[in-house]
Structure formats: C-alpha cells, structure tokens
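Q: I am new to this structure and would like to learn how to read it. Please take me through it feature by feature.

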Amino acid sequence: MTHPLWTQLQTLKSTRWIDLTHTFNADSPHFSAFEGAQIDTPFTVEKDGFFVQQWSFVTQYGTHIDAPIHFVANQRYLHELELQELVLPLIVLDYSADVAKNPDFRLTRDHIEQWEATHGAIEPDTFVAFRSDWSKRWPDHEAFENKDADGQQHLPGWSLDALQYLLEERHVKAIGHETFDTDASVDIAKHGDIIGERYVLGQDRYQIELLTNLDQLPTRGAIIFNIAPKPDHAPGFPVRSFALAPR
C-alpha cells in the first residue's frame with residue numbers, strides 16, 4: 001500500500017537539509033544583560049548507570065524563537081503559536097557584502113524595494129531572513145558583540161520602515177536574522193530602545209534570532225522549520241531551525 005505522506009517525505013528527504021542553528025554552550029555569545037548557560041552533570045553512566053545533565057539558561061539563548069509576549073504585554077506565549085506558523089516558505093535577503101563594508105548597515109525599505117525590482121515581490125505568508133553573514137563570527141563573543149573603544153556595539157539590523165513594509169504591505173508571517181537584536185546597534189543607540197523588535201512582536205508575529213548558514217540557501221524556494229519545546233507561558237526558547245532547499 002502506498003501512503004501519500006510517506007511518499008512526500010521521501011521526496012522531501014531527497015532535497016538539501018540545512019541546519020540554521022548554532023550549537024550553544026556556556027561560553028557562547030549571548031545578549032550582554034544575560035549570563036552564560038550553566039551546565040551540571042548530576043549523573044554519569046560510569047557512576048550511576050545513566051547520563052543526565054542539568055542546563056540553566058535564559059529563554060532567549062543561542063539560536064532562539066521570540067514569541068510576541070517577549071516584548072509586548074498581552075500577546076501570545078510560545079506555546080500558543082500554531083504549528084503551521086512554524087513551517088513557512090523562506091525568502092533570504094542577502095546583504096552580506098554591504099555588512100562586510102559597514103557593520104552598522106541598516107536594511108531599509110528602499111533596499112527591499114530595490115531587491116524586489118530584481119527578484120520580484122515578496123510573497124505573503126513567508127518567512128523573510130536577513131543574511132548578513134554575522135553568524136560567521138560565532139562563537140567568538142568579542143567579535144560577535146563588535147564593540148568600539150567606548151563600549152558601543154556595532155551590529156547590522158533591520159530598519160523600522162523595512163519591517164513595517166514587510167508586515168503591513170507584504171504580509172509576511174515572520175522574520176529572522178543572524179544577530180542578537182532585530183535593530184541595528186546605531187538605531188538602538190539613537191532611540192534608546194529596540195523599536196523594530198517591539199514593533200514586530202507587537203504585530204503578533206514571531207522572529208528567530210542568531211540564525212546561521214543562510215549563505216547555503218537560495219533567495220527563494222526553501223522552506224524553514226522552527227522547532228522548539230513547549231514550555232508553559234514562556235516568551236521564547238532555544239529553537240532548532242532548519243531549512244529544506246532544492247538540490
């Protein structure tokens with residue numbers, strides 16, 4: 001007997017599977033207000049017959065998903081996101097060359113409109129990822145934070161007008177990026193707040209932060225899966241993001 005879903009799975013397994021998730025540990029780069037993970041080993045095979053670790057970390061650690069409640073009160077928690085929201089067509093906006101020239105690069109609406117003039121309009125109900133290649137600095141914490149002599153970070157990010165364009169006019173479902181924050185460091189310094197991230201989550205959308213391996217994906221045609229545990233009333237959690245892409 002032929003099972004249609006099993007046949008489809010075999011077809012999917014013939015595509016390229018790309019891991020978009022950093023392996024994290026106690027020394028991994030993380031947001032400066034957070035402590036690194038703490039890892040203990042209360043049981044070992046040699047001593048107890050089984051191996052168990054105890055991990056302690058904030059919910060926004062490593063490659064992670066931000067639920068809307070992370071920045072905006074009275075929005076959805078992680079466990080309230082629908083499964084079908086977590087699997088989406090993927091569009092990758094490659095601005096890695098610009099970031100290499102300017103770590104303070106801001107991805108604006110003008111950039112996206114220029115991109116669409118070449119690649120076509122961004123489709124609704126998609127996941128749009130900003131490829132900066134910042135993930136290549138992992139796991140060097142100092143390189144990832146990229147602070148100047150005054151302690152100011154210099155990381156690329158989305159501009160507010162780009163996010164408003166994507167969510168309100170292109171009706172995308174979610175966004176992702178390779179850095180700690182949605183906003184560029186220069187915008188955070190200017191506004192004294194992470195206004196882009198607050199906006200995205202306030203629109204009842206989720207986002208994935210600290211993605212990696214976006215350089216292995218096509219501009220269009222891949223599918224992203226964002227698989228996370230289901231803790232009760234959590235603002236986010238480390239996620240296993242991966243993509244399926246055509247060969």
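The dialogue below goes from the whole chain to single residues.

Q: What kind of model is this, and how are residues numbered?
A: This is a predicted model, in which local features need pLDDT of at least 70 and side-chain atom pairs count only at pLDDT 80 or more, while totals for chains, interfaces and linings use all residues. Residues are numbered from 1 along each chain as its sequence is written, and side-chain values use heavy atoms, with hydrogens and water left out.

Q: How many helices and strands does the protein chain have?
A: Helices (H or I, at least four residues) and strands (E, at least two) are DSSP runs, numbered from the N terminus. Here the protein chain has eight helices and 13 strands.

Q: What does the radius of gyration say about the protein chain?
A: The radius is taken over C-alpha atoms, and the globule rule is 2.2 Å times the number of residues to the power 0.38. For 247 residues a compact globule would have a radius near 18 Å, and the 19 Å of the protein chain agrees with that. The C-alpha trace spans about 60 × 60 × 35 Å along its principal axes.

Q: What share of the residues in the protein chain is buried?
A: Buried means under 20% relative accessible area, exposed over 50%, and partly exposed in between (1.4 Å probe, protein chains only). By that rule 45% of the 247 residues are buried.

Q: What share of the contacts joins residues at least 24 apart?
A: A contact means heavy atoms within 4.5 Å. Among contacts between residues at least 6 apart in sequence, 74% join residues at least 24 apart.

Q: Which residues touch the most other members in the largest nonpolar core?
A: In soluble globular proteins, nonpolar side chains tend to be buried together. A nonpolar core is a set of buried Ala, Val, Leu, Ile, Met, Phe, Trp, Tyr and Cys residues joined through side-chain atoms within 4.5 Å. The largest one here has 27 residues, and L93, L107, I112, I122, V128, W158 and L166 touch the most other members. Two or more residues each come from β5 (87-94), α4 (109-119), β7 (127-131), α6 (160-169) and α8 (195-202). The largest share, five residues, is that of α6. Another core, of 24 residues, lies apart from this one and includes I69, I224, V239 and A243.

Q: What is I122 in contact with?
A: Neighbours within four places in sequence are left aside in such a list. The contacts of I122 are then I91, L93, I112, W115, E116, V128, L166, R170, V172 and R220.

Q: Which residues of α6 are buried, and what do they pack against?
A: The buried residues of α6 are A162, L163, Y165, L166 and L167. They pack against β6, α4, β7, β8 (157-158), β9 and α8.

Q: And which residues of α8 are buried?
A: In α8 these are G196, E197, Y199, V200 and L201. Their cover includes β4 (64-66), α6, β9 (174-177) and β10 (206-209).

Q: Where is E85 found, and what does E85 touch?
A: E85 is found in the loop between β4 and β5. Its relative accessible area is 14%, so E85 is buried. Residues up to four places away in sequence aside, E85 touches R76 and Y206.

Q: Which loop holds P235, and what is P235 in contact with?
A: P235 is in the loop between β11 (222-227) and β12 (236-238). At 26% relative accessibility, P235 counts as partly exposed. With neighbours within four places in sequence left aside, P235 is in contact with T59, Q60, I65, D66, A67, I69 and H70.

Q: Which residues does a cis peptide bond join?
A: A cis peptide bond joins W138 and P139, with omega about 5°. P139 lies in the loop between β7 and α5 (141-145).
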